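Here is a colleague's note to read with the model open beside you. Take the points one at a time, and find each residue as you go.

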Amino acid sequence: MIEQHIILEGIDAVSFYGANNTHLTMLKKLYPKLRIVARDNIIKAIGDEEELERFRAVVNRLIEHCIRYNSIDEEAIIDAVNGKRSDKGSDSNVIVYNINGKPIYPRSENQCKLVEEFGKNDMIFAVGPAGTGKTYTAIALAVRALKNREIRKIILSRPAVEAGEKLGFLPGDMREKIDPYLQPLYDALEDMIPGAKLKEYMDTNVIQIAPLAFMRGRTLNDAIVILDEAQNTTPQQIKMFLTRMGNNTKMVITGDLTQVDLPHNQSSGLTQAIEILKDVKGISFITLDKKDIVRHKLVTRIVNAYESYEKTEK
């Protein structure tokens, strides 16, 4: 009798084992000659060497499936046992799959351009109005790179600027104080990475979320770094951020120049950066517009109404 240990790397063990260990129970029934025990993210199997090799191959196929789709089901287990690779259809446009296994893909022409330019350049500026999917698409690209082990970490940042209201002194420790500013980034991550795995990534700093002020003095290597709401940076802040770039690192800078929350006497660093860097090789600029809005249809109407009002006021 031989004993083997299989480590479930890069996936959420709870999703792999299934609710009430239903997936694990099914595997045990399919391999009755093996004694299979699971604890945390380690599966221990005892039995004949040949049977163990077959079982390991099945588990490895299921791990690959779980990394890709964030979950497995009975059909995926049967396919793995039969040596088939599960296919949910054409993946040509899919960036990643969400926690329910549904595909996340670019939903407009300019989102497609953002995905394309991400593959060509190490720094991308994506500018457009609310609801155009700038940040969501950028985070999906970062999650894909992490899953494919192209990078070691994802770093997400935002300037801590209040949108027209004074929040005063917030209670709690440092993380609790800055979380309200960073919640939109958490929302996107929670849609793409199972909760337990996301917590593990954040506890081990594989995924880091921090306000812009925390970037000073750092060199960011082997990472995808996303600066959200960049229109609320000062020229000094965005210059500081852009010069943090290290080896094997890509940066995506997103912003909406119609929603600047800086004091009236303070110019936006994003506007200045676009002008200064427009001819620099290796930097791509994507402009999204009303046609790219993928939120509720009312968002497009609201953007149109405000544009008309602002033109009249001018």
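1. Which residues of helix H4 (residues 74-81) are buried? In this helix, Ala76, Ile77, Asp79 and Ala80 are buried. Two terms need explaining here. Helices (H or I, at least four residues) and strands (E, at least two) are DSSP runs, numbered from the N terminus. Buried means under 20% relative accessible area, exposed means over 50%, and partly exposed lies in between (1.4 Å probe, protein chains only).

2. Before going on, please keep in mind what kind of model this is. It is a predicted model, in which local features need pLDDT of at least 70 and side-chain atom pairs count only at pLDDT 80 or more, while totals for chains, interfaces and linings use all residues. Residues are numbered from 1 along each chain as its sequence is written, and side-chain values use heavy atoms, with hydrogens and water left out.

3. Back to H4, where the pattern is worth a look. In H4, Ala76, Ile77, Asp79 and Ala80 are the buried residues. Seen down the axis of H4, the buried residues fall within an arc of 165 degrees (taken from the directions from the helix axis to the C-beta atoms), so they line one face of the helix. The face of H4 turned away from its buried side carries the exposed residues Glu74 and Glu75. The cover over the buried residues of H4 includes helix H2 (22-30) and helix H3 (49-69). Just after H4 comes Gly83, with a positive phi of about 80 degrees.

4. Next, the salt bridges. A salt bridge is a side-chain nitrogen of Lys or Arg within 4 Å of a carboxyl oxygen of Asp or Glu, and the structure holds 12 of them. In general, side chains of opposite charge can pair when their charged atoms come close. One example here is a network of salt bridges that links Glu50, Glu51 and Arg54.

5. The side chains of Lys250 and Asp122 meet in a salt bridge (3.5 Å, N to O). Lys250 lies in strand E10 (residues 249-255) and Asp122 in the loop between helix H5 (109-120) and strand E6 (123-127), so the pair ties together parts that are 128 residues apart in sequence. Lys250 is buried, with a relative accessible area of 19%, whereas Asp122 is partly exposed, at 41%.

6. Arg152 and Asp222 form another salt bridge between their side chains (3.5 Å, N to O). This pair also links distant parts of the chain: Arg152 is in the loop between helix H6 (134-147) and strand E7 (153-158), and Asp222 is in the loop between strand E8 (207-211) and E9, 70 residues apart. Arg152 counts as exposed at 53% relative accessibility, and Asp222 is partly exposed at 24%.

7. What distance separates N and O in the salt bridge of Arg158 and Asp228? For these side chains it is 2.9 Å. Arg158 sits in strand E7 and Asp228 in the loop between E9 and helix H9 (235-242), 70 residues apart. Both are buried: Arg158 has a relative accessible area of 13%, and Asp228 one of 4%.

8. Is Leu227 buried or exposed? Leu227 counts as buried because its relative accessibility is 0%. You will find Leu227 in strand E9 (residues 223-227). Leaving aside neighbours within four places in sequence, Leu227 has contacts (heavy atoms within 4.5 Å) that include Arg158, Leu212, Ile238 and Phe241.

9. Thr137, in helix H6, is buried at 5% relative accessibility. Not counting residues up to four places away in sequence, Thr137 touches Ile95, Gln111, Leu114 and Val115.

10. Finally, a word on cysteines. With a disulfide taken as a pair of cysteine sulfur atoms within 2.5 Å, the count comes to 0 disulfides. Cys66 counts as buried at 3% relative accessibility, and Cys112 as partly exposed at 32%.
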